[in-house]
Amino acid sequence: MAVTVVCLAYAPIAVTEIWPYARPGAPALGEWLLGRSVSPEFVAEAVRDRMGPYGRSLAPLIAHSVLGGLLMLLGPVQLLSAVRRRVRLHRVAGTVFAVTVYASMAGAALYLVRTPPAEAFSGAAFWIVLATILAGTVGSVTFGVLAAVRGLPDLHQRWMLLCYGFLMTAPLLRIEWGLLPTFYPGLDLADINRVAIMHLGALVSFGALLASRALDPRATVPGVTGTWCPLPVRIGAHLAGAAGLVWVTVAFLDEGTAGRRLLLAYLVPYAVTYAVIAVRAARAGARGADWAREEWSLHLTALCLAPAFSAVTVPVLERTLGLDRLTALVAGVGIGCGMLAYAAVTVVSLRILHAREVLRRQREFADLPTSPANAPAAAGTTAEGVRG
């Protein structure tokens with residue numbers, strides 16, 4: 001219900017957001033609200049800074065924002081129809097949803113292609129994060145559609161929830177535009193964006209995980225045995241994550257006041273997310289819910305590896321894109337949790353597909369002829385296979 005309320009409230013904001021850049025003075029609900037929640041000067045400065053980057057790609061951006069508003073309406077339809085098991089409505093709305101995602105993301109892609117990272121609004125770090133969110137959105141909706149076509153509802157559900165999580169970065173970012181100036185007075189919108197991208201990817205992927213687990217009551221999944229996260233893997237991930245966190249912390253502290261502000265925006269949500277996932281995994285194990293514990297554990301391992309991934313990504317971005325240290329640091333940290341959450345959903349999907357393959361092979365083995373005439377030949381073949 002909270003997601004539905006946010007989406008319905010944001011839809012008219014998304015639809016009208018780019019109009020003032022095409023026709024100055026055109027009504028824009030988002031600007032009107034932001035001017036009253038923060039200040040008219042804050043909005044005027046933001047419009048001025050975005051006029052250049054947006055002016056080169058107005059048509060794609062208008063298509064992106066208008067279709068994005070439509071997605072805010074289609075998302076609740078999808079969620080509620082799935083919960084209420086309205087199959088026909090879910091399929092029709094899902095088809096429209098997927099096509100709209102591709103069309104909306106095409107508009108965003110044209111904007112990113114036409115805008116050099118350094119000239120993008122909020123700079124290269126924001127451009128990199130937007131490109132990563134775009135890739136994650138397109139990839140997750142594609143895997144979601146393929147899972148639905150292949151008759152894999154559990155995988156379809158996870159990928160579509162992750163897709164909608166990535167889409168929710170838009171309304172959540174606007175909420176932070178209105179809230180963060182209260183805590184950081186004097187920051188312009190570009191700096192507010194840098195604070196927000198420290199945790200938006202982590203929050204939306206965490207929300208998708210919570211939704212996936214809430215909609216999956218299974219204690220076990222047929223074919224899933226053991227774990228892909230044994231103790232040595234978990235220990236290694238925690239050690240790598242701790243090393244990555246130390247590196248990221250030192251790097252941000254070296255950047256002075258701005259670095260400390262960004263570090264706080266990263267560490268607090270990260271710690272809360274880690275604590276919730278760790279507790280959920282422990283509780284699932286205590287009550288014998290093996291599948292829930294496995295999924296929580298896979299995501300916890302990915303979350304631990306996110307800081308290490310960011311620490312490795314920062315020098316790569318510096319060298320390949322010619323970024324300064326702070327810009328590369330903001331970009332590397334901004335994409336870390338989201339990309340590792342995407343990787344975790346991929347591993348969970350492979351876990352389920354592996355379980356289905358195990359069951360398929362077991363059924364094939366059970367259907368093999370077991371007559372006495374065939375037994376020696378089968379045994380001989382097996383022995384040859386072992387000797388080979």
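1. Helix 11 gives the largest share of the lining of the second largest cavity, 4 residues. Here a cavity is a set of points on a 1 Å grid over the protein atoms alone where a 1.4 Å probe fits but cannot get out, and lining residues have an atom within 4 Å of a point. Helices are DSSP runs (H or I, at least four residues), numbered from the N terminus. This is a predicted model, in which local features need pLDDT of at least 70 and side-chain atom pairs count only at pLDDT 80 or more, while totals for chains, interfaces and linings use all residues. Residues are numbered from 1 along each chain as its sequence is written, and side-chain values use heavy atoms, with hydrogens and water left out.

2. The second largest cavity has a volume of about 60 Å³, where volume is the space filled by probe spheres set on grid points joined across faces, edges and corners. Its lining is made up of Arg158, Leu162, Ser205, Ala208, Leu209, Ser212, Glu295, His299, Val345 and Val348. Two or more of the lining residues come from each of helix 8 (153-167), helix 11, helix 14 and helix 15. By class there are 5 nonpolar, 3 polar and 2 charged residues (nonpolar: Ala, Val, Leu, Ile, Met, Phe, Trp, Tyr, Cys and Pro; charged: Asp, Glu, Lys and Arg; polar: the others, Gly among them).

3. The lining of the largest cavity has 10 nonpolar residues, 3 polar and no charged.

4. Helix 13 is worth a look next. Its 31 residues reach 44 Å from first C-alpha to last, close to the 45 Å expected at 1.5 Å a residue (1.5 Å times one less than the number of residues). Its buried residues (under 20% relative accessible area, 1.4 Å probe, protein chains only) include Leu262, Tyr266, Pro269, Thr273 and Ile277. The buried residues of helix 13 pack against helix 10, helix 11, helix 12 (231-253), helix 14 and helix 15, with contact meaning heavy atoms within 4.5 Å. After helix 13 comes Gly288, with a positive phi near 80°.

5. Helix 10 (residues 189-196) is mostly covered, with 6 of its 8 residues buried: Leu189, Ala190, Ile192, Asn193, Val195 and Ala196. Among the partners that these buried residues pack against are helix 4 (40-55), helix 9 (169-183) and helix 13 (256-286).

6. Finally, the pockets. A pocket is an open set of grid points with protein on both sides within 12 Å along at least five of seven lines. The largest pocket has a volume of about 1,600 Å³. Of its 47 lining residues, Gln78, Ala82, His90, His156 and Gln157 are the closest to its centre. Helix 8 gives the largest share of this lining, 9 residues. The lining of the largest pocket divides into 28 nonpolar, 12 polar and 7 charged residues.

Note on methods. Buried < 20%, exposed > 50% of the residue type's maximum accessible area, 1.4 Å probe, protein only.
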